[in-house]
Amino acid sequence: MSGGVSSIARLTSVVALSLGAVLLACGASDEHGHAHQPGPVVAPPTGAEAELEALVPVPNKSQTPGVVEVDLEAKLGRKVYGDAPETEVWTYNGTVPGAFLDAKVGDRLVVNFKNALPEPTTVHWHGVRLPAAMDGTLAMQQPVPAGGTFRYEFVLKDAGLFWFHPHMRSDIQVQKGLYGALRVRAASEPESDVERVLVLDDIKLERDGRVSETLDDNSRMMGREGNTLLVNGTSNARLTVPTGGVVRLRLVNVANGRFFKVRVPGHTLRVIGSDGGFVPRPYDTETVLMSPGERYDVLFVAKGAEGSEITVMNEPHERGHESGMRPASPLMKLRLGAPRATPAPPLPDAFAPIERLPEGPVAHTVTLDEKPNANGDYVFTIDGKTFPDVPPIVIPNGQVRVWEVKNDSDMEHPFHLHGFFFQVLARSGVATPADRLLWKDTEIVPSKGSIRFVARFDEPGSWMYHCHILEHGELGMMGEIKVQ
Amino acid sequence: MRNVVWVVMVSGAVIVGCGDDKGGGSSGTSGTTSSTSASSSGGDPQPAGDDAGGSSGAPAPQAVPAPTMDRLVKMGGALHVMWVNPASAACDAIELERKADGEAFAVAYTLGGSIDNKHDGQATKDTTYTYRTRCKVGAAYSPYSNEIARNPMK
């Protein structure tokens, strides 16, 4: 046994470190059940910063004007997240996020899909108006078996940012990395110096680097939330933008359960688009709140000193069950690069108006709720039932219908409608201002509140509607619409 | 109840822990004092070596760090407990202990080592429930976490 000063010094250090750790661990809670010294909830980004390059579109195999034909393969891959051990991921074309598809409005998109995963899957084209047989749901398509193929083909009717992901065992398959963005460009796009599609996600890794598939009580209730925030699959992304330049960020939230509330400190964001393309009257906001599945298109002029950095933050949001108590988390960095040569042009303040669908009496009311079952596990219901026991809603083809979606639960649910855009007429009884009418396919339904929307159901087939917290959808908060 | 932080030395190893001064020992602990109830080994003193790794020559065992309680949320008339597991240790299991007002801590749930939350559907009375956790690695236990308390009705 050695002794002397070094041992004493080390002993003192050990005591001090241990004491400090225990003092932290021994902190009491307040009357609201909040620990005084909570540990880190979201692991800070780790690893080296990575410059956020623009997503590279999959090459178009077609020589025919107006046709975009791509190969899309779902397959296993490997990826390193920050300092974590290497992770086996599920990918489209080998990357997370998966293949980036780029087209123009009016193009015919042909996707030669191959499933090289060890289990069946489908591809759902989130937000795209298409024939029901192409929608990738089990209501209209047999699963593509392991080793199988499927040809998706449809015309892109709308400009905007869309995304694609599996629609079976989606909570697991998306969590493992199966998602990709589809950008459909309009005939005319707003001017910007930098444009990036930002695919927002999070991931929860086990110690050995595996993607966690554990459905613990929190994941069941709130949807799986990871311990690392990702922008385009990177936990520590940095985007260099010209000082004084116009930056366009096209955001899509592909997380299972996490809501993102994006803030660029010191900057007001001009929202120019959402799920269904440009908004008629752009508006300014300090934060953009996005539930899973939603998209937003924002512009801002990068302000600050050349060479400085801005940390883009994910702000807390109370979506139920005291989830808003979480601290803000860094999402990515903006680095102000060489200045723009000339002053930035004014940001757009108007786009083409959208057709206002006729209002009418509420034709369909559905109620979302959560309740414990006999085992004490929470289930998520529509009108008290879980899918597939939720009775389908039948709508004659071509009808315009007003829906009311009520939410009796203690948390917000993102309501997603397949195949059709809708216009939100009111939120919890408060009418939407005429100049804020947007085309949406995913909308947050407030806790103990409601949304009232109108949609034109003009494509026959079976279509799904569900909560886009993927665990909730998989656990039964899903229904079917038969347009016939 | 006051939180008490304690330090002991066993065969040259430093063990630091915490507990309440009522000494509400967990099930399976043999002592009634704060230090025993919050022992890093759950009442079974851990072997400890000297600088050379003890008489067997094996490395001295690492103390298992404690989880940290995060939040206690009212949910559906019951309570939902969340904690943060130690970053520096892979727990084999997590023991979540609960006590109601005037009662002693008892293990309410034994969970997988990576679990960091539990909905306690049994915490439904108009009383204050207090929780703590500890991490088990092999036969060793961490000290208890801090405690967190709430009444599901208030």
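**Notes on the cavities, strands and backbone of chain A**

1. Let me start with a spot worth a look: strand E30 (461-467) and helix H4 (470-474) of chain A each supply at least two residues of the lining of the second largest cavity. H4(A) gives the most to this lining, with three residues. Please keep in mind that this is a predicted model.

2. Which residues line the second largest cavity? They are A:His167, A:Ser170, A:His466, A:Cys467, A:Leu470, A:Gly473, A:Glu474 and A:Met478. By class, this lining has three nonpolar residues, four polar ones and one charged. The volume of the second largest cavity is about 50 Å³.

3. The largest cavity has a volume of about 80 Å³. Of the 14 residues in its lining, those closest to the centre are A:Gly160, A:Leu161, A:Arg250, A:Ser274 and A:Asp297.

4. Strands E8 (160-165), E15 (269-274), E16 (277-285) and E18 (295-301) of chain A each contribute at least two residues to the lining. Which element gives the most to the lining of the largest cavity? E18(A) does, with three residues.

5. Domain 1 (50-185) and domain 2 (194-337) of chain A each provide at least three residues to the lining of the largest cavity. In terms of class, six residues of this lining are nonpolar, four are polar and four are charged.

6. Now the chain as a whole. The secondary structure of chain A comes to four helices and 31 strands. Of the 484 residues in chain A, 56% are buried. Taking the contacts in chain A between residues at least 6 apart in sequence, 75% join residues at least 24 apart.

7. With strand E5 (residues 108-115) of chain A, E2 pairs in the parallel sense over eight bridges, and A:Glu69 stands opposite A:Val110 in E5(A). With strand E3 (residues 87-92) of chain A, E2(A) pairs in the antiparallel sense over six bridges; here A:Gly77 stands opposite A:Val89 in E3(A).

8. Next come some backbone details to check by eye. Most residues other than glycine have a negative phi, and most peptide bonds are trans. The peptide bond from A:Val96 to A:Pro97 is cis, with omega near 0 degrees; A:Pro97 is placed in the loop between E3 and strand E4 (101-104) of chain A. Another cis peptide bond joins A:Phe387 and A:Pro388, with omega about 15 degrees. A:Pro388 belongs to the loop between strand E22 (378-382) and strand E23 (393-395) of chain A.

9. The loop between E22 and E23 of chain A also holds A:Asp383. Phi of A:Asp383 is near 50 degrees, a positive value in a residue other than glycine. A:Asp383 is partly exposed, with a relative accessible area of 40%.

10. A:His321 is not a glycine either, and has a positive phi of about 55 degrees. You will find A:His321 in the loop between strand E19 (309-314) and strand E20 (329-337) of chain A. Is A:His321 buried or exposed? A:His321 counts as buried because its relative accessible area is 9%, and buried means under 20%.

How values were computed: Residues numbered from 1 in each chain as written. Chains lettered and ligands numbered in written order. Predicted model: local features only at pLDDT ≥ 70, side-chain atom pairs only at ≥ 80, totals over all residues. Heavy atoms only, no water. 1 Å grid on protein atoms, 1.4 Å probe; cavity = no way out; pocket = protein on both sides within 12 Å on 5 of 7 lines; lining within 4 Å. Points joined across faces, edges and corners; volume = space filled by probe spheres on them. Nonpolar A, V, L, I, M, F, W, Y, C, P; charged D, E, K, R; others polar. Domains from an automatic or database assignment. Pairing = 2+ DSSP bridges. Buried < 20%, exposed > 50% of the residue type's maximum accessible area, 1.4 Å probe, protein only. Contact = heavy atoms within 4.5 Å.
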